[in-house]
Amino acid sequence: MTATLPTAPRRTVFPFTAIVGQEEMKLALLLNVIDPKLGGVMIMGDRGTGKSTTIRALADLLPEIEVVAEDPYNSHPSDPELMSNEVRDRIARGETPAIGRAKVQMVDLPLGATEDRVCGTIDIEKALSEGVKAFEPGLLAKANRGILYVDEVNLLDDHLVDVLLDSAASGWNTVEREGVSIRHPARFVLVGSGNPEEGELRPQLLDRFGMSVEVRTVKDPELRVQVVEQRSTFDQNPQSFLDRYAGEQDSLQARIVAAQTLLPTVELDYDLRVKISEVCSELDIDGLRGDIVTNRAAKALTAFEGRSEVTLEDIQRIVAPCLRHRLRKDPLESVDSGAKVAKVFCRVFGLPEPTDTSAFSLVS
């Protein structure tokens, strides 16, 4: 028997389907929800372009998940990879933990957060005196099976960024203090945002994000008016505004669930996989993360569109967001990194030289 866990009153969130523009950012986020192993999204762009609003809207859009009741890690009731050790031990002893349903968590990491606040703390005194592992879970525990959002990630301490990226990649967080070790699941979609004017992220860290998108302030006056009117209407009567978009929200939610179900069956032809690796090699990208993420993102996009076989066009749409942030920076290079990816892609796949890069956008 499942029950909806009692939660604190949730504030009304602007609906995801009502957000005007920023299509590439929205699709990149959806692909990472469909396949959380993509490695997250780095969003760079101007202030006031709806980054935080979009991420909160995404978390609110997602369907409720089954969790073990009263478990601080949002443990999955049946998947050992998403279970805390305590829940595993209970199941091993023959217990059947109570199951509840909960909204997907969206955890906002404060810029001044300490490592203890992020990873959790161990009460050494209690551990030594009472012989129990007294652990106070941190933000990574709360974010398990949810979304962890780091605004101004380029201003965050490099050590903390390393911790976040390691947890996002492995799906586990380990805390060790004075010989006492605690390990818990921490599988989440990592979303970082920043403004390039406030400093660049180190290439070694930037490479750890699965995808990278750039957002710009809308220039079209009519579109700007539409954004302002949407926001004003929402602020005046949130419930009425939510009701208006309820059908679109439900439809997109169903599409995400269908894509998650379809994803394991999606096929990517061997020849296309070889060409993807050839593109990465030609671009002189370090390591194999670029190859892996491009393969996974192409499959996620194919599943989102309800198909089971990846096409060249699917790869063409996702290759720039998957690779452009992995290129080595050359201060003398005047060509945009996305354009460079597009040029090499066309050469490897035997396509005509691109006159514009619109085909190399997530938005078809």
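Tutor: Gladly! This is a predicted model, in which local features need pLDDT of at least 70 and side-chain atom pairs count only at pLDDT 80 or more, while totals for chains, interfaces and linings use all residues. Residues are numbered from 1 along each chain as its sequence is written, and side-chain values use heavy atoms, with hydrogens and water left out.

Student: How many helices and strands are there in the chain?

Tutor: Helices (H or I, at least four residues) and strands (E, at least two) are DSSP runs, numbered from the N terminus. Here the chain has 14 helices and 12 strands.

Student: What percentage of the residues of the chain count as buried?

Tutor: Buried means under 20% relative accessible area, exposed means over 50%, and partly exposed is in between, with a 1.4 Å probe and protein chains only. Of the 364 residues, 47% count as buried. Contacts are worth a look too; a contact means heavy atoms within 4.5 Å. Among contacts in the chain with a separation of 6 or more, 75% are between residues 24 or more positions apart.

Student: Which residues have the most contacts inside the largest nonpolar core?

Tutor: In soluble globular proteins, nonpolar side chains tend to be buried together. A nonpolar core is a set of buried Ala, Val, Leu, Ile, Met, Phe, Trp, Tyr and Cys residues joined through side-chain atoms within 4.5 Å. The largest one here holds 70 residues, and L30, L31, L58, I147 and L323 have the most contacts inside it. Helix α1 provides the largest share of this core, eight residues. A second, separate core has 33 residues, including V118, C119, V150 and L190.

Student: Which residues does I147 touch?

Tutor: Not counting residues up to four places away in sequence, I147 touches I55, L58, A59, L62, Q105, M106, V107, V189 and V191.

Student: Now a helix. How many residues of α12 are buried?

Tutor: An α-helix has 3.6 residues a turn, so residues three or four places apart point the same way. The expected span of a helix is 1.5 Å times one less than its number of residues. With 16 residues, α12 reaches 22 Å from its first C-alpha to its last, close to the 22 Å expected. It is largely enclosed by the rest of the structure, because 12 of its 16 residues are buried. The cover over those buried residues includes α1, β12 (211-215), α10, α11 (270-282) and α13.

Student: What about T302, buried or exposed?

Tutor: T302, in helix α12 (residues 289-304), is buried, with a relative accessible area of 0%. Leaving aside neighbours within four places in sequence, T302 is in contact with V266, R307, S308, E309, V310 and D314. N295 is also found in α12 and counts as buried at 15% relative accessibility. Beyond residues up to four places away in sequence, N295 touches L268, R273 and I276.

Student: How many residues of α13 are buried?

Tutor: α13 (residues 312-323) has 12 residues and a reach of 16 Å, close to the 16 Å expected. It is mostly covered, with 10 of its 12 residues buried. Among those buried residues are D314 and L323.

Student: Which residue just after α12 takes a positive phi?

Tutor: That is G306, with a phi of about 80 degrees. Positive values also turn up in residues that are not glycine: N74 has a phi near 55 degrees, and D284 has one of about 60 degrees. N74 lies in the loop between β3 and α3 (85-92) and is buried, with a relative accessible area of 13%. D284 sits in the loop between α11 and α12 and is partly exposed, at 44%.

Student: Last, which residues lie nearest the centre of the largest pocket?

Tutor: Rolling a probe the size of a water molecule over the atoms shows where empty space is left. On a 1 Å grid over the protein atoms alone, a pocket is an open set of points where a 1.4 Å probe fits, with protein on both sides within 12 Å along at least five of seven lines; lining residues have an atom within 4 Å of a point. Here 26 residues line the largest pocket, with V33, P36, I65, R145 and Q260 nearest its centre. Helix α10 gives the most to the lining, four residues.
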